[in-house]
Amino acid sequence: MRVGVIGAGATGLTAAYDLANAGHEVVVLEAADELGGLAGSLQVGGTALERFYHHLFGTDRAVIELIGELGLADRLRFHATTTGIYHGGRLHDFSTPADMLRFGALPVADRIRFGLSSAAVKLVRRGERFNDVAALDWTRRWAGRRASEVIWEPLLSGKFGDRAEEISMAWLWARVHCRTFKLGYLDGGFAQLYTALAERIAIKGGKLEFGKRLATITQDRADRPVLVSTADGSRYEFDRVLVTVPQPAFAQAVGAARQDFLWQNHYLGATCFVLELDRSVIPYYWLNVNDPDLPFLALVEHTRMISPSEYGGRHLLYVGNYVPRDDWRFVTAPEELLERFAPFIRRINPEFDLSWVRRWHFSRAGFAQPVVTSAYRAWIPPHTTALPGVFLATMAQVYPQDRGQNYAVAMARAVVRAHFR
């Protein structure tokens, strides 16, 4: 078959790789000018670095298997990283169960209750039992109101804003149950994974075309080709099409009415600075920001996991947010946004000064974080669509997970097996 794949992120490239290996003629259409989607990369000191922070967990079997299949296993290393919480104007170590038991922002009894409730979530094998339970209702009942107020509520509010009370406990279960203390990273960056996939696709005769933003998809009937047009006026005919771009983009491309279920799931945008610094800012790899008046969700100092020597001696700090697309943090010019963020970074590290920043990069993605409410799963579309030759594989369909390279890879391979053989 001649197969079109819309999107060159983790899902699209994995699917195209498997399709090409199966003997199909594959064309990948990508709106941007780079591979990777939300795992796209920039260059720092001659080394690729993800625009938005990325790492793997030991439980991420699908992507670890793909990395090995592509001959990159020797570059995947797992690191013992550190985590902190900024709360009440102070930094608190939060890397290990012992740190959690020493967490001074809570009385001892509440620390123990928080630890026991988290351990209980780890033991639950299937998160579907939490589908209809609101996460904060569960944490208030089992972790306790004080632990929920100090730990869980700021994290959920920082991520989901005024939708925090609606978020499903199944989503929080996935965050706790599937994560490991050690984090995996490819030496030299995940760009190698996507470059390797693209090279294998090309070797098998597949094509990747950039600057091809999806405009329309039509199909008259099952025995007719799928017609795809892109924003630059290009037109394509395919026997089948796999769409991996966000659900709203697909809904628009097929002309779905606004009341159609394809529009029902909501997404937040993401913004992320990468600051190239001449010194370290925080003593952790990952810092959760649990003071609600700070305007960012987390600080991630990548060079607390990977040596600054890999990036020309620069210390690399991500400043990340998930926000609505009309939020001031999404629409403000990045130069002004960095100036507005600087005093708040200084509250975390009083010595911080913008003169430490030798260079910065800013990335913005409009559909980066599904809002996983208790009603969310009712609106998850099937992989089949109303067009018989068109199939859908997006981050909306990895519930109770919400995104991640591992789940993108696993879904791509499952959809190809089911619908393209």
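This report covers the overall build, helix packing, salt bridges and some local features of a predicted model.

## Basis of the model

Residues are numbered from 1 along each chain as its sequence is written, and side-chain values use heavy atoms, with hydrogens and water left out. In this predicted model, local features need pLDDT of at least 70 and side-chain atom pairs count only at pLDDT 80 or more, while totals for chains, interfaces and linings use all residues.

## Overall build

The protein has twelve helices and 20 strands. These are DSSP runs, numbered from the N terminus: helices are H or I with at least four residues, strands are E with at least two. Along the principal axes, the C-alpha atoms fill a box of roughly 65 × 50 × 40 Å.

The radius of gyration is 22 Å, which agrees with the value near 22 Å for a compact globule of 421 residues. That radius is taken over C-alpha atoms, and the globule rule is 2.2 Å times the number of residues to the power 0.38. Of the 421 residues, 56% count as buried. Buried means under 20% relative accessible area, exposed means over 50%, and partly exposed lies in between (1.4 Å probe, protein chains only). Take the contacts between residues at least 6 apart in sequence: 70% of them join residues at least 24 apart. Contact means heavy atoms within 4.5 Å.

## Helices α4 to α7

Helix α4 (residues 108-123) packs against helix α7 (residues 169-177) at an angle of about 90°, and their axes are 9 Å apart. Axes are lines fitted to C-alpha atoms, for helices over the stretch in contact; angles run from 0 to 180 degrees between N-to-C directions. The angle makes α4 roughly perpendicular to α7. The classes are roughly parallel under 35 degrees, roughly antiparallel over 145, roughly perpendicular from 65 to 115, and oblique for the rest. From α4, the contact uses S118, V121, K122 and L123; from α7, it uses M169, W173, V176 and H177. By class, that is five nonpolar, two polar and one charged residues. Nonpolar covers Ala, Val, Leu, Ile, Met, Phe, Trp, Tyr, Cys and Pro; charged covers Asp, Glu, Lys and Arg; the others, Gly among them, are polar.

Helices α6 and α7 pack at about 110°, with axes 13 Å apart. This pair, too, is roughly perpendicular. Here W152, L156, K159 and F160 of α6 meet W171, L172 and V176 of α7. The contact has six nonpolar residues, no polar residues and one charged residue.

Helix α5 (residues 135-142) has A135, L136, W138, T139 and R140 as its buried residues. Their cover includes α4, α6 (145-160) and α7. After α5 comes G144, which has a positive phi near 100°.

## Salt bridges

The count comes to 22 salt bridges. The rule asks for a side-chain nitrogen of Lys or Arg within 4 Å of a carboxyl oxygen of Asp or Glu.

One of them joins R413 and E69, at 3.0 Å from N to O. R413 sits in helix α12 (residues 405-419) and E69 in helix α2 (residues 61-69), so the bridge ties together parts 344 residues apart in sequence. R413 is buried, at 13% relative accessible area. E69 is partly exposed, at 34%. Another bridge pairs R304 with E301, at 3.7 Å from N to O. R304 is partly exposed, at 41%, whereas E301 is buried, at 1%. Salt bridges with shared partners also join D137, R140, E153 and E165 into one network.

## Around E25

E25 and R2 form a salt bridge at 2.7 Å, N to O. E25 lies in strand β2 (residues 25-30) and R2 in strand β1 (residues 2-6), so the pair ties together parts 23 residues apart in sequence. Both ends are partly exposed: E25 at 43% and R2 at 25%.

Leaving aside neighbours within four places in sequence, E25 is in contact with M1, R2 and V3. E25 and P283 are 50 Å apart in space, C-alpha to C-alpha, and 258 residues apart in sequence.

## A cis peptide bond

Y399 and P400 are joined by a cis peptide bond, with omega about 5°. P400 lies in the loop between β20 (390-392) and α12.
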